[in-house]
Amino acid sequence: MTTDVTIDAVGALRAARLAAQGLSHGFASPVEAVGRLVCVQAQDLAAAKWVLGARVPDAREATIDAAVDAGALLRSWPMRGTLHFVAPPMLRPILRLTSARLMQRAARTHREEGIDDDVHAAARRVAVGLLEGGRSATRDELQAAWADAGIPIEGQRGYHLIWRLAHEGLLCCGPVDTRARQRFVLLDEWSPRASDEPEDDDEVLGRLFAGYARGHGPVSVRDFAWWTGLTLTSARTALAAAGDAVAPFDDERYVAVDARPAGPPDGRLALAPFDEYFLGYGDRTAFCSVDDAARVVPGKNGLFLPILVADGEVVGTWRRSPERRGVTDVEVTAFRGGDPAEQFRPALERWAAFWSTRLGELSTQSPA
């Protein structure tokens, strides 16, 4: 809990964020959800499907897959060097803002992996030859084509080649291949450039800040810098460029002027690992204490556990067991003790329905 705001102010902040993120009202479709949130972290494809499913009432996995296969949702590396779902009109504009800085950070790794300009150019030619004409390829198929062309792919070299080609706007993830994987396609074929894509960098920054405030607000300039991976200087420019699309919420945070109305922060949610409600802010103390945040990321290794949210506060984590005969058991870890498992049964039943399984036994484990 923060010490610089009152309990009532914290409640108002939580309620506003739940509403902005579609967790209190819901969205009509996955496309509306991503359009509202702008970017949704999605390095774990299966987890990211539930991030969207939790915000679209009655959605099923097939609902998300259909939007992906239609090209209505793009998945690529627009921010922080990490895979995200992104609204198609914003992918190229965001890459223009972020890719140069990310490529600079990756330069040493690429040198160590032996990815010089000649290797990059050869990999690009092979990728275009393999994918042009509306074709797609798995990661293994793409890397096999490189190996056949004499381009080494050992270790992480193949991944870094894909990453680099995606950052320059050549590749993106395309049709769903399995629950956890997509095939790769050429971005310009899969999602042709839209006529209304913003071209001016300040306009892109303004749209991005306004979109972030609309789908995550209330947010601060520092939150925005964390979320995008941009500098604080760029974040301040973004706030100025957003203009009257955003309005102050308190002394440091902003909301969209068309923010959804928010009632009291109530209800219980079972959210995915890497959910934007937890991950989408640099400062998480208004809804999760520092000690509890360490329990969400227990190994401090970047791997997040699924979270339980009650009245806007992160109160625990949960783990699923392997499905058996169409039934999936779940183990709940409550940060405050007690036995909250049954309190989250409706939320977990909704999760189970999304994955076309049935919720089985709920058990409770004490936090470490």
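This note goes through a predicted model point by point, from the whole chain to single elements.

1. Basis. The model is predicted, so local features need pLDDT of at least 70 and side-chain atom pairs count only at pLDDT 80 or more, while totals for chains, interfaces and linings use all residues. Residues are numbered from 1 along each chain as its sequence is written, and side-chain values use heavy atoms, with hydrogens and water left out.

2. Whole chain. The chain holds 15 helices and 13 strands; helices (H or I, at least four residues) and strands (E, at least two) are DSSP runs, numbered from the N terminus. The radius of gyration is 21 Å, close to the 21 Å that the globule rule gives for 368 residues, so the chain is as compact as a globular protein of that length. That radius is taken over C-alpha atoms, and the globule rule is 2.2 Å times the number of residues to the power 0.38. Along its principal axes the C-alpha trace spans about 60 × 55 × 35 Å.

3. Of the 368 residues, 54% are buried. Buried means under 20% relative accessible area, exposed over 50%, and partly exposed in between (1.4 Å probe, protein chains only). The accessible surface comes to about 16000 Å², and carbon and sulfur atoms account for 50% of it; the areas come from the Shrake-Rupley method with a 1.4 Å probe, and for residues only the protein chains shown count as cover. Among contacts (heavy atoms within 4.5 Å) between residues at least 6 apart in sequence, 66% join residues at least 24 apart.

4. Five of the five residues of strand E3 (residues 82-86) are buried. Thr82, His84 and Val86 lie on one side and Leu83 and Phe85 on the other, so that both faces are covered. Two strands pair if DSSP finds at least two bridges between them. Strand E1 (residues 39-41) is joined to E3 by three bridges and runs antiparallel to it, with cysteine 39 opposite valine 86. Strand E2 (residues 74-79) is also antiparallel to E3, through four bridges, and here leucine 74 stands opposite valine 86. E2 and E3 form a hairpin with two residues between them, and arginine 80 in the turn has a positive phi of about 55 degrees.

5. Helix H12. Which residues of helix H12 (residues 232-242) are buried? They are Ala235, Ala238, Leu239 and Ala242. These residues cover an arc of only 100 degrees around the axis, which puts them on the same side of H12; the arc is that of the directions from the helix axis to the C-beta atoms. An α-helix has 3.6 residues a turn, so residues three or four places apart point the same way. The face turned away from the buried side carries the exposed residues Thr233 and Ala240. The buried residues of H12 pack against helix H10 (201-216), helix H11 (221-228), strand E7 (246-248) and strand E8 (253-256). Just after H12, glycine 243 takes a positive phi of about 55 degrees.

6. Helix H11. Six of the eight residues of H11 are buried: Val221, Asp223, Phe224, Ala225, Trp227 and Thr228.

7. The three-stranded sheet. This open sheet has the order E6-E8-E7, with antiparallel pairing. Strand E6 (219-220) and E7 are the edge strands, each pairing on one side only. Two bridges join E6 to E8, and valine 219 has tyrosine 254 in E8 as its bridge partner. H10 lies across E6, E7 and E8 and runs at about 85 degrees to E8. Axes are lines fitted to C-alpha atoms, for helices over the stretch in contact, and angles run from 0 to 180 degrees between N-to-C directions.

8. The five-stranded sheet. A second sheet, also open, has the order E9-E10-E11-E12-E13 with mixed pairing. Strand E9 (268-271) and strand E13 (358-365) stand at the edges with a single partner strand each, so one side of each is left without a neighbour in the sheet. The twist averages 30 degrees from one strand to the next. Strand E11 (residues 313-320) and strand E12 (residues 327-334) run antiparallel and are joined by five bridges; threonine 317 has threonine 333 in E12 as its bridge partner. Helix H15 (residues 345-354) packs on the sheet and touches E9, E11, E12 and E13, and its direction makes about 135 degrees with that of E13.
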